[in-house]
Amino acid sequence: MNILSPSILAADFWSLGDQIREAQKAGAEYLHIDVMDGLFVPSISFGMPVIASLRGQTDIFFDVHIMIQEPERYAAQFVRCGADMVTFHLEAAAQPAETVRLVRQAGARAGISIKPDTPVEAVEPYLDLVDMVLIMTVEPGFGGQKLIPVCLDKVRRLRGLVRERGLAVDIQVDGGITRDNVREVLAAGANVIVAGSAVFKGNVGENVRELMKALGEGHGA
Ligand code: DX5
Ligand code: ZN
């Protein structure tokens, strides 16, 4: 099944609640929440108090992407403030398997993300442990960038590995996905699609419906 995960990084924070409701009403099942620490990536976004506040208002699935150093220090706290899934960066974790264990123990699903320059082989040893692998299709840190096409080769390769091993791991893609390239991204083998600008710039309901249409057309793996 293909899932759309709108990234609130591109939302208008003045009316964040309304925008989330609109996205959910139009069919989005996940909400992608980008946490940036100013160290692992140059930007600082928002953190636990914002997530906890949203959690009090909506039951949508919180797909929390933590772009932070030493993710093991905070993994369980993100679950406690409302994350349903915590995806951390392989490049930032000293002990990825232990970090997955901490997230799971706290009661959430766990994902591992890799940046554009990190090969799929680096995440291969953890495929049996995780619920999802996130292949970044831009350098993490900013919304509104252009998708790096060569990253889709990594999606194809990972889909091949997951299929070969008969695993149920979700493959998420994040960065530069639009209604024009989403079919190509699905065809490469991704099944969880993050979209920030393509959802929150313009008419949110219409944007979600357009993307959901592509997700429902069966271009996926
Ligand atoms: C980038 C974030 C992305 C970003 C996507 O570091 O992880 O989730 O918000 O934004 P768009 O879809 O605008 O590229
Ligand atoms: Zn993200």
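A pocket is, on a 1 Å grid over the protein atoms alone, an open set of points where a 1.4 Å probe fits, with protein on both sides within 12 Å along at least five of seven lines. A molecule sits in a pocket if more than half of its atoms lie within 2 Å of its grid points.

**View 1. Ligand 1 in the largest pocket of a predicted model.** The space that ligand 1 takes is the largest pocket. This is a predicted model, in which local features need pLDDT of at least 70, side-chain atom pairs count only at pLDDT 80 or more, and totals for chains, interfaces and linings use all residues. Side-chain values use heavy atoms, without hydrogens and water, residues are numbered from 1 along each chain as its sequence is written, and chains are lettered from A and ligands numbered from 1 in the order in which they are written.

**View 2. The shell around ligand 1.** Ligand 1 is surrounded by 20 residues (a heavy atom within 4 Å), the closest being Asp34, Gly141, Asp174, Gly196 and Ser197. Eight nonpolar, ten polar and two charged residues make up this shell (Gly counts as polar). Strand S2 gives the largest share, three residues.

View 3. Oxygen atoms of ligand 1 lie 2.8 Å from a backbone N or O atom of Gly196 and 2.9 Å from one of Gly144. A polar side-chain atom of His32 is 3.4 Å from an oxygen atom of ligand 1. Taken alone, ligand 1 exposes 380 Å² (Shrake-Rupley method, 1.4 Å probe), and the protein buries 99% of that.

Key. Polar contact = N/O pair within 3.5 Å; in protein donor to acceptor, adjacent residues only side chain to side chain. 1 Å grid on protein atoms, 1.4 Å probe; cavity = no way out; pocket = protein on both sides within 12 Å on 5 of 7 lines; lining within 4 Å. Helix = DSSP H or I, 4+ residues; strand = E, 2+ residues; numbered from the N terminus.
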